[in-house]
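Student: I should like to learn how to read the features of a protein model, one at a time. Could we begin once the structure is before us?

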Amino acid sequence: MPRTPDRVARGQYLTEELLQCFVCHSERDWTKPGAPPIPATKGVGAVWLGKPWLVAANVTPTNETGIGRWTDDMLLRAIREGIGYDGRMLHPQMGYSSFRALPDDDAEAVVAYLRSLKPIRRSLPQTKIPEDESKDLDVPELLMAPVPLVTPHDVAQKAGTWLFSPTARATTLPDTRRRTQACSAVKTWSLAVSVRRPALT
Ligand code: HEC
């Protein structure tokens with residue numbers, strides 16, 4: 001996909017500000033409030049604190065240890081559908097159940113930005129989800145159609161339909177987990193919508 005300056009800038013904004021990819025995919029400075037990602041380690045990945053078997057991969061564009069050999073589709077699939085490089089189901093700490101709401105344009109901007117990062121070789125261990133955790137994981141839902149850009153009008157309409165239709169509520173929210181997912185998806189949409197215009201100017 002074309003890596004235009006506008007697309008990379010949009011991708012940087014989404015990746016670093018809105019979606020906070022580097023909070024998990026970098027080393028962090030625990031001496032500072034909020035433990036921000038250390039700039040020089042942006043995207044190099046990290047072992048999950050307290051779960052040494054869970055590893056947020058190196059997403060800088062090196063061929064050997066990062067995303068250099070991934071196709072754009074593979075990256076989009078990992079980000080929005082939770083399927084990893086090797087076809088494995090990713091651990092839900094990688095927030096694909098929220099990221100699936102990202103419109104195609106925005107998801108592609110994130111990929112364009114990741115490809116523009118400085119390639120930093122850093123090999124990390126592979127995630128190895130323990131048996132007792134892996135049997136409880138939900139199979140990620142695949143995206144069967146393009147995800148269009150959502151306008152504030154669409155969001156209002158969706159929320160309205162949902163609020164005023166008991167049937168919609170009953171069928172879309174059968175349990176607490178789905179409810180949490182629905183809320184975070186709506187949150188991602190509304191954030192994306194509310195900040196979209198200023199970011200483009
Ligand atoms: C809350 C923490 C967190 C955030 C935020 C996060 N990730 Fe992840 N990510 C992870 C973890 C943990 C894994 C490893 C999952 C596994 O291996 O099962 C992962 C895996 C991945 C993978 C797949 C690597 C592979 O081996 O297949 C990619 C690509 C990725 N993340 C990119 C991103 C991008 C891009 C963003 C921002 C849009 C992002 N991540 C945001 C935690 C996070």
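Student: In what order do the elements of the protein run from the N terminus on?

Tutor: This is a predicted model. From the N terminus on, its elements follow the order α-α-β-β-α-α-α-α-α-α-α. The protein holds 9 helices and 2 strands.

Student: What share of the residues in the protein is buried?

Tutor: Of the 201 residues in the protein, 26% are buried. Among contacts between residues at least 6 apart in sequence, 60% join residues at least 24 apart.

Student: How is the packing of two helices to be described?

Tutor: Two packed helices are described by the angle between their axes and the distance between the axes. Here, helix α1, residues 5-18, packs with α5 at an angle of about 95 degrees, and the two axes are 7 Å apart. That angle makes α1 roughly perpendicular to α5.

Student: Which residues make the contact of α1 with α5?

Tutor: On the side of α1, the contact is made by Arg 7, Val 8, Arg 10, Gly 11, Gln 12, Leu 14 and Thr 15. On the side of α5, Asp 106, Ala 109, Val 110, Ala 112, Tyr 113 and Ser 116 take part. By class, the residues of this contact divide into 6 nonpolar, 4 polar and 3 charged.

Student: What span should the 13 residues of α5 have, and what is the distance between its end C-alpha atoms?

Tutor: At 1.5 Å a residue, α5 should span 18 Å; its end C-alpha atoms lie 19 Å apart, which agrees.

Student: Is α5 mostly covered or mostly uncovered?

Tutor: α5 is mostly covered, since 10 of its 13 residues are buried. Among them are Asp 106, Glu 108 and Arg 115, together with Val 110, Val 111 and Leu 114. In α1, the buried residues are Arg 7, Arg 10, Gly 11, Tyr 13, Leu 14 and Thr 15.

Student: Which residues of α3 are buried, and what covers them?

Tutor: Leu 76, Arg 77, Ala 78, Ile 79 and Arg 80 are the buried residues of α3. What covers them includes α4, residues 96-99, and α5.

Student: How is a single residue judged to be buried or exposed?

Tutor: One counts the other C-beta atoms within 10 Å: 20 or more make a residue buried, and 12 or fewer make it exposed. Ala 56, placed in strand β2, has 23 such atoms and is therefore buried. Gln 126 lies in the loop between α5 and α6; with 12 other C-beta atoms within 10 Å, Gln 126 is exposed.

Student: What surrounds Ala 56, apart from its neighbours within four places in sequence?

Tutor: Ala 56 is in contact with Cys 24, His 25, Gly 45, Ala 46 and Trp 48. Ala 56 and Pro 125 are 69 residues apart in sequence, and their C-alpha atoms are 9.7 Å apart in space.

Student: What should one look for in the backbone angle phi?

Tutor: Most residues other than glycine have a negative phi. Gln 20 has a positive phi of about 55 degrees, although it is not a glycine. Gln 20 is found in the loop between α1 and α2, and with 13 C-beta neighbours inside 10 Å it counts as partly exposed. Ala 35 also has a positive phi, near 45 degrees. Ala 35 belongs to the loop between α2 and β1 and is partly exposed, with 13 other C-beta atoms within 10 Å. Just after α3, Gly 82 takes a positive phi of about 75 degrees.

Student: How many residues surround the ligand, and which are the closest?

Tutor: The ligand is surrounded by 27 residues, the closest being Cys 21, Cys 24, Gly 84, Met 94 and Thr 127. The elements that give two or more residues to this shell are α2, β2, α3 and α5. By class, the shell has 19 nonpolar, 8 polar and no charged residues.

Note on methods: Residues are numbered from 1 along each chain as its sequence is written. This is a predicted model: local features need pLDDT of at least 70, side-chain atom pairs count only at pLDDT 80 or more; totals for chains, interfaces and linings use all residues. A residue is near a molecule or strand if its C-beta atom, placed from the backbone, lies within 6 Å of it. Helices (H or I, at least four residues) and strands (E, at least two) are DSSP runs, numbered from the N terminus. Ala, Val, Leu, Ile, Met, Phe, Trp, Tyr, Cys and Pro count as nonpolar, Asp, Glu, Lys and Arg as charged, and the others, Gly among them, as polar. Axes are lines fitted to C-alpha atoms, for helices over the stretch in contact, and angles run from 0 to 180 degrees between N-to-C directions. Angles under 35 degrees count as roughly parallel, over 145 as roughly antiparallel, 65 to 115 as roughly perpendicular and the rest as oblique. Two residues are in contact if their C-beta atoms, placed from the backbone, lie within 7 Å. The expected span of a helix is 1.5 Å times one less than its number of residues.
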